[in-house]
Amino acid sequence: MPAKKAADDARTTAGKAADGKAADGKAADKPVVAKAAPKKSAAKAAAKKAVAKKSAAKKVAGDGGAEKGVVGKSAAAKAAVGKPESRTALVRRARRINRELAEIYPYAHPELDFENPFQLVIATVLSAQTTDLRVNQTTPALFTAYPTPEDLAAADPERVEEILRPTGFFRAKTRSVIGLSKALVEEFGGEVPGRLEDLVKLPGVGRKTAFVVLGNAFGRPGITVDTHFQRLVRRWKWTEQTEPDKIEAAVGALFPKSEWTMLSHHVIFHGRRICHARKPACGACPIAPLCPAYGEGETDPEKAKKLLKYEKGGFPGQRLNPPRSYLDAGGRPAPPLGAG
């Protein structure tokens, strides 16, 4: 009996030990399961947080797009790094730049002195390869001596050359203005025609000159693609074209026709005063957030201010007789030839 009892006790003890081990094993499994659940839950929470963050970021970007500065910077940044800009985005950015320029230069105007279409077409022809300022300083003597197409058509070339000498290429320009005047007398009764197809037939008159005359003497919209205009529209990535007629067509397609003449004045004014060819005054440029070429010039605000020209820099403009709006805005007339 004692031996049998001892054996039974041993079996009982072994069974309990086995049960205990099994119990311990289950107990050990439970914590593993319990730990796995929180990890899975944490992963799900992190994923939800990431989705929420991404959604919030999209909302911020969308909200910011409605703000004045963010839209321009985004569009300009895309253009600057070569990312495609949609046609709609390009049109919006281009028109916004024009609106900004209209606020910066509310007094923008043709910077050649003239009193009638004849004086304007002659002055525009003379402005080739020289400044409007030099032309404005020269034409008073020319128009005093030859006030009408008939007078200039019959002029002594040597006397005209002497008057035009300060403008450079004076012999070629003398031939152009005398030939132009003769054409006006012989073909148009001494009157400057108001149609593009007629103007471009005149000696020395191309599309640029024709649109200057049409837009400013006849009030007919036109885009003046001079060197300033070409430089700026390419910097702003309005077009990649390099030929004037193709630039004219590409930029004209971005704006209503009624805005073409003043658009030309705005762009040219900006090119002469701030967005220079060699060293743009980027740090003093009010439309910098919209410009893909920002940084090509001086970005330090104080240094950039020293690069400003004409009235923006506190200096005289190019016209001896500028519009009253320009003078009221703080502009100063240019000095006559030989002054100072």
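1. A cavity is a set of grid points where a 1.4 Å probe fits but cannot get out, and its lining residues have an atom within 4 Å of a point. In this predicted model, the second largest cavity is lined by His-109, Glu-111, Gly-317, Gln-318, Arg-319, Pro-322, Tyr-326, Arg-332, Pro-333 and Ala-334. The volume of this second largest cavity is about 30 Å³. Its lining residues divide into four nonpolar, three polar and three charged.

2. The structure holds two cavities of 30 Å³ or more. For the largest cavity, the volume is about 110 Å³. Its lining consists of 15 residues, and those nearest the centre are Cys-275, Pro-280, Cys-282, Cys-285 and Cys-291. By class, twelve residues of this lining are nonpolar, one is polar and two are charged.

3. The largest pocket has a volume of about 680 Å³. Its lining has 31 residues, of which Asp-132, Asp-226, Thr-227, His-228 and Arg-272 lie nearest the centre. The elements that contribute two or more residues to this lining are α10 (207-217), α11 (227-235) and α13 (260-273). Of these, α13 gives the most, with six residues. The lining of the largest pocket comprises eight nonpolar, 15 polar and eight charged residues.

4. Which residues are linked in a network of salt bridges? The network joins Glu-111, Asp-132, Arg-272, Arg-273 and Glu-311. Glu-111, another member of the network, is one of the residues lining the second largest cavity. A search of the whole structure finds 15 salt bridges.

5. The side chains of Glu-100 and Arg-96 meet at 3.8 Å, N to O. Both residues belong to helix α3 (residues 87-104) and stand four residues apart, about one turn of the helix.

6. Glu-197 pairs with Arg-195, the closest N and O atoms being 3.2 Å apart. Glu-197 has a relative accessibility of 41% and therefore counts as partly exposed, and Arg-195, at 44%, is also partly exposed. In the second case, Lys-246 and Glu-243 form a salt bridge at 4.0 Å, N to O. Lys-246 is partly exposed at 39% relative accessibility, and Glu-243 is partly exposed with a relative accessible area of 39%.

Methods: Residues are numbered from 1 along each chain as its sequence is written. This is a predicted model: local features need pLDDT of at least 70, side-chain atom pairs count only at pLDDT 80 or more; totals for chains, interfaces and linings use all residues. Side-chain values use heavy atoms; hydrogens and water are left out. On a 1 Å grid over the protein atoms alone, a cavity is a set of points where a 1.4 Å probe fits but cannot get out, and a pocket is an open set with protein on both sides within 12 Å along at least five of seven lines; lining residues have an atom within 4 Å of a point. Grid points are joined across faces, edges and corners, and a volume is the space filled by probe spheres set on the points. Ala, Val, Leu, Ile, Met, Phe, Trp, Tyr, Cys and Pro count as nonpolar, Asp, Glu, Lys and Arg as charged, and the others, Gly among them, as polar. Buried means under 20% relative accessible area, exposed over 50%, partly exposed in between (1.4 Å probe, protein chains only).
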